[in-house]
Amino acid sequence: MAPNDASTDAGIDPAAPVSTDPDPGALGGDSEDTLDLRLPPELLALIAATEGATETAANTDPGAGSAPGDGGGGPGDGGGGPGAPAPIQSAPSAPLGDDLLDRVVDWGPITTSAGVLQLVPVCLERDLPLISRWMNDPAVAAFWELAGPLGVVEQHVRSQSAGDGRSVPCVGVLDGTPMSYWEIYRADLDPLARHYPARPHDTGIHLLIGDVVDRGRGLGSTLLRAVADRALDRRPACARVIAEPDLRNTPSVAAFLSAGFRFCAEVDLPDKRAALMVRDRALRDVL
């Protein structure tokens, strides 16, 4: 979870409201969506394992700038600007602790109707200028709030890949061309879990489509469905994939609906009102 996020498949219209407003307590009518505030055993283990390393980690990123948010990042959609980067040829090693997400680095190529997508874990030395360029698009900045010098994005991405494996930031490479930024994260171990009835192994997705020419033609929906289904395929303990786009971003909500997610509820997060979107394993063949 992070401030003002939105995964979009079309132009952003922040002023347009979403008319659907179900009872948040109903959560889509799913009888198992009941609030459970017990901490998952994995979270307790993470707390114990990282307690002694907190001070060291706090001092490893001097001068990186400031970035908002306290969780898995925030999806938006923006344009890439001039100068296409060279295609990414290979993925770096998986981050320490990536087993919390069943090794995203090994999820492999995903064949879609738009081409072959590969989620390549971010290498800051290689990818930072490109991601920062995307984040400085005004349409993206309105939701991600990561516009500014390289250090702003650098600190955010470092916080996502801090080593405990709860979040893995990736560049989406479609047919050899970097064109999107993703964050795959454990929603049940994220601050987001304080604001919705989380279940063990809930997997969260954030997406930013980088280039304006890739928006508004159904590409976001195609990729969201493909990645959500790959997460369910590679994470047998995960029963559902979660997203929380900004409720103001109606194209984003529509993209998730087209990707087979269902709208569960409006959720009040610290910095936005979000649409809680869920893709259920049990319903993936009918949505």
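Here are legends for several close-up views of one predicted model.

Residue numbers start at 1 along each chain as its sequence is written. Because this is a predicted model, local features need pLDDT of at least 70, side-chain atom pairs count only at pLDDT 80 or more, and totals for chains, interfaces and linings use all residues, while side-chain values use heavy atoms, with hydrogens and water left out.

**View 1. The whole chain, before we zoom in.**
The chain has 7 helices and 8 strands (DSSP runs numbered from the N terminus: helices are H or I with at least four residues, strands are E with at least two). Of its 287 residues, 53% count as buried (buried is under 20% relative accessible area, exposed is over 50%, and partly exposed is in between, using a 1.4 Å probe and protein chains only). The accessible surface comes to about 12000 Å², and 55% of that belongs to carbon and sulfur atoms (areas come from the Shrake-Rupley method with a 1.4 Å probe; for residues, only the protein chains shown count as cover). Take the contacts between residues at least 6 apart in sequence: 75% of them join residues at least 24 apart (a contact means heavy atoms within 4.5 Å).

The average pLDDT of the chain is 76, and 66% of the residues score at least 70 (pLDDT is the predictor's confidence in each residue, from 0 to 100). Over residues 2-39 the pLDDT is below 50, and this stretch has 111 contacts in the model beyond near neighbours in sequence. Residues 47-97 also stay under 50, and here the model has 125 contacts beyond four places in sequence. Where pLDDT is low, the predicted coordinates should not be read in detail.

Helix α5 covers residues 150-160, and its buried residues are G151, V152, V153, E154, H156, V157 and Q160.

**View 2. D102 and R235 hold hands.**
The structure holds 16 salt bridges (a side-chain nitrogen of Lys or Arg within 4 Å of a carboxyl oxygen of Asp or Glu). One of them joins D102 to R235, with the closest N and O atoms 2.8 Å apart. D102 sits in the loop between α2 (54-58) and β1 (110-112), and R235 in the loop between α6 (219-234) and β6 (240-243), so the pair ties together parts that are 133 residues apart in sequence. D102 is partly exposed, at 34% relative accessible area, whereas R235 is buried at 1%.

D214 and R217 meet through their side chains in a salt bridge of 2.8 Å, N to O. Which of the two is buried, and which is exposed? D214 counts as buried at 12% relative accessibility, and R217 counts as exposed at 53%. D233 and R284 form another salt bridge, at 2.9 Å from N to O. This pair links distant parts of the chain, 51 residues apart: D233 is in helix α6 and R284 is in the segment after β8. D233 is partly exposed at 46% relative accessibility, and R284 is buried at 18%. Salt bridges with shared partners join D229, D233, R279 and R284 into one network.

**View 6**
In one of them, F256 and F261 are edge-to-face, 5.0 Å centre to centre with 80° between the planes. Both F256 and F261 are buried. F256 belongs to helix α7 (residues 250-258) and has a relative accessible area of 0%. F256 and S221 are 35 residues apart in sequence, yet 6.2 Å apart in space, C-alpha to C-alpha.

L283, V286 and L287 make a nonpolar surface patch of about 260 Å² (patch residues have over 30% relative accessible area and no salt bridge; nonpolar side chains, meaning Val, Leu, Ile, Met, Phe, Trp and Tyr, are joined within 5 Å, and like charges within 9 Å). V286 lies in the segment after β8 (272-280) and counts as exposed, at 65% relative accessibility.

Terms used. Phe/Tyr/Trp six-rings, centres within 6.5 Å; stacked < 30°, edge-to-face > 60°.
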